[in-house]
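Dear colleague,

Please find below the structure I promised to pass on. My notes on it follow, and I would be glad if you read them with the coordinates open.

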Amino acid sequence: MALCITGLNPILDSTSLAYSARNLSTRLTVPVHLHFTFTGQFSSLDRKRHKGVCCSSIRNAASASSMESQEDAPSASSVCLEEELDHVERFKMSDFKILGSVSIGLGGRADEVLFEAKVKDRGSPLYNTVVVLRQLSSVQAQRRGKRAIEVLKKLVRRKLLYHSYSMQVHGYISLPASGGSGSFILVHGYHGSFSLRHWLQQSDWLPTLEATLALDEESVRKVGEDTTGGPAVSRQLRLTRILMRDLLIGVNYLHSHGLAHTELRLENVHISPVDRHIKVGILGNAADFYEDGSNSSFVDSMDRRQMMIAFDMRCVGFIMAKMVIRELMDPLIFAKFKSFLSKGYDPSCLREFMLEILGRSSPYGYAGLQILDRNWGAGWHLLSSLLATKPSERISCLDALRHPFLCGPRWRVVPSMDIIRWGLGSTAIRISEEYIYRQSQRSRLAHFIDLMEMLNPHPKPKNWMELLPGKWRLLYCTGRHVGLTLRQPPARVLIGDVHLTVKRGSKLKANLSFISDIGFSVMIGQDWPHNKAGKSGKLQVNSSFTLTAGRRLYLKQDQTTEQKFYIGPSSSEEALAQKFSGKKWRKIIPFKEFPSSLPAPKLASSDIDVTMNLEDPLNGSIDMARNVLQELRTQVPPEIFDLSKLVCGTYVDSRLLVLRGVNGSALLFSRSFVDRNTSS
């Protein structure tokens, strides 16, 4: 609800309006050819003869007297309307003093005109209060206005909560029109000119919104923060928590009374500077969960309720995404974001996708990604739960309010096992994205991978057949790491992205085909430390696998031979049991005694096929090509170069994969959708 300042008799062009400095971001999507008449009605003009919108003064006494004369002679239709809307007040145009702020066609609706007014009737409890008069011209618009009043009647029992989280509907003005169609004006509360979209589009939105909300110590305490200052990322996170919690409370208020909003958008969400609450807009399109028809069964009613709640939660997810990731305010980037979800991809992989499409030139400094990465990636978990592909899997308002992302650090939140798994995987990803040179970092990452394997949600092969197919990017390998530093190799090769593509041959058989793609560049010359361009190449390894049930063993010490066998550097039972016996992880591990084995899908490989392509034939030197191949084998984990060394899979979900090699080393993958070379 953004209003533009106009004069007494402004002439508005059809393509542009004179906006005030506080509403420079507002755009009129559809030009409306209307004019104010002296009777207070809106009538259409001939579009061929008139190019703009003419606004004449409706503040003179003549217009008020003519309106009163029309209101004194109610027709049969107006009497029927009064019976339906008897729980709200019917106003007269003479009760208001029209102010000089008018807005036309906002939010893509050309059948609504909004203008500010002040109540001048001394006998009204709203005396001297600024309200908004919403002129509804079309039949559909009038239906929305009457529906908003009808919803108020249903929620009037808890009027305080209704006024806290929805726009206050005070009443209506109904006037007969000369053309035969009645004029309906909705009178509702004024909560500032800016919608949440207009706030986010301001350059100084963060300090201005903090000042508007007047974040005192009490407000800060509610989200568990210690200080009111801090860096911009912490301030934005605190503000996001406050707004999201307020929005969820308002939406939950509607859901608990059998209503769905169905129109939750940034344009419909307002922030009142008076009570500092989120207003979810006019409930003109609010829908009932349970239809009045007697033919609908209880199961159908529950399905309808679940679908409508899921739709609202998806809209809340879009609001949260735009509020945190400011780059999504760009229509092109948001179109890619929605396309990713419309194609049926799992929202749990949004982080991988957003890193690809944002690139390295974001004007906002990736503050949103930092906010979502905090607290073990809790923000990404909440966002994926709000935007889940299946409606039945979307989080509810109450569960979202208990989510760790929206709870401050001082709140005692008991995370679910799903959030614990998510946190382990997110932390492992964050560590793998850093340069891992120290042994402490490598040990910590191996420890997190061991924890993930203990909490594997899909140990059976039938689950792997559904989750494993796709494209995976190699993040880390717990085996030996060899790079270009402190070495003088015969060929200097820089490894790029390493992908593992899994395809399912038949739905009836457990046959899979693995394809590992290794991108690299060969650097020739002595200037390679400063110029990493080189000549690009690609190595591809193909192999087929059969997936069967198996177990990953933790071999104990043999008492007879007094020999100890290890599967890998972090796989000895004594070392793992010592780590997991502490207070920190004792409540997480789902078993009291450390097991000697864990269920894991077994991978049986057949013959492999290796192909290497070079952009340049390297001057036709076979020895040079042989040296490049040897250097690839040195730097790339052996399980990627020789797929037959993959023996089992120990963890898989919609975004992460852990495979174990014959020597016990673990390979951590994340699901990938877009190649960096082709992303724009």
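Predicted model: local features only at pLDDT ≥ 70, side-chain atom pairs only at ≥ 80, totals over all residues.

Residues are numbered from 1 along each chain as its sequence is written, and side-chain values use heavy atoms, with hydrogens and water left out.

Helices (H or I, at least four residues) and strands (E, at least two) are DSSP runs, numbered from the N terminus. Just after H11, Gly-359 takes a positive phi of about 70°.

On the chain as a whole, there are 20 helices and 23 strands, and 50% of the 680 residues count as buried. Of the contacts with a separation of 6 or more, 69% are between residues 24 or more positions apart.

The second largest pocket holds about 820 Å³ of space and is lined by 25 residues, with Asp-346, Ser-348, Glu-393, Asp-418 and Ser-654 nearest its centre. Helix H12 (367-386), helix H14 (417-432) and helix H16 (461-467) each give two or more residues to that lining. A pocket here is an open set of points on a 1 Å grid over the protein atoms alone, where a 1.4 Å probe fits, with protein on both sides within 12 Å along at least five of seven lines; lining residues have an atom within 4 Å of a point. Grid points are joined across faces, edges and corners, and the volume is the space filled by probe spheres set on them.

Finally, some single residues. His-198 lies in helix H5 (residues 196-200) and is buried at 8% relative accessibility, and its side chain makes a polar contact of 3.0 Å with that of Ser-195; such a contact is a pair of N or O atoms within 3.5 Å, one able to donate a hydrogen and the other to accept it, with residues adjacent in sequence counted only if both atoms are side-chain atoms. Cys-397 is buried at 2% and Cys-477 at 6%.

Terms used:
Buried < 20%, exposed > 50% of the residue type's maximum accessible area, 1.4 Å probe, protein only. Contact = heavy atoms within 4.5 Å.
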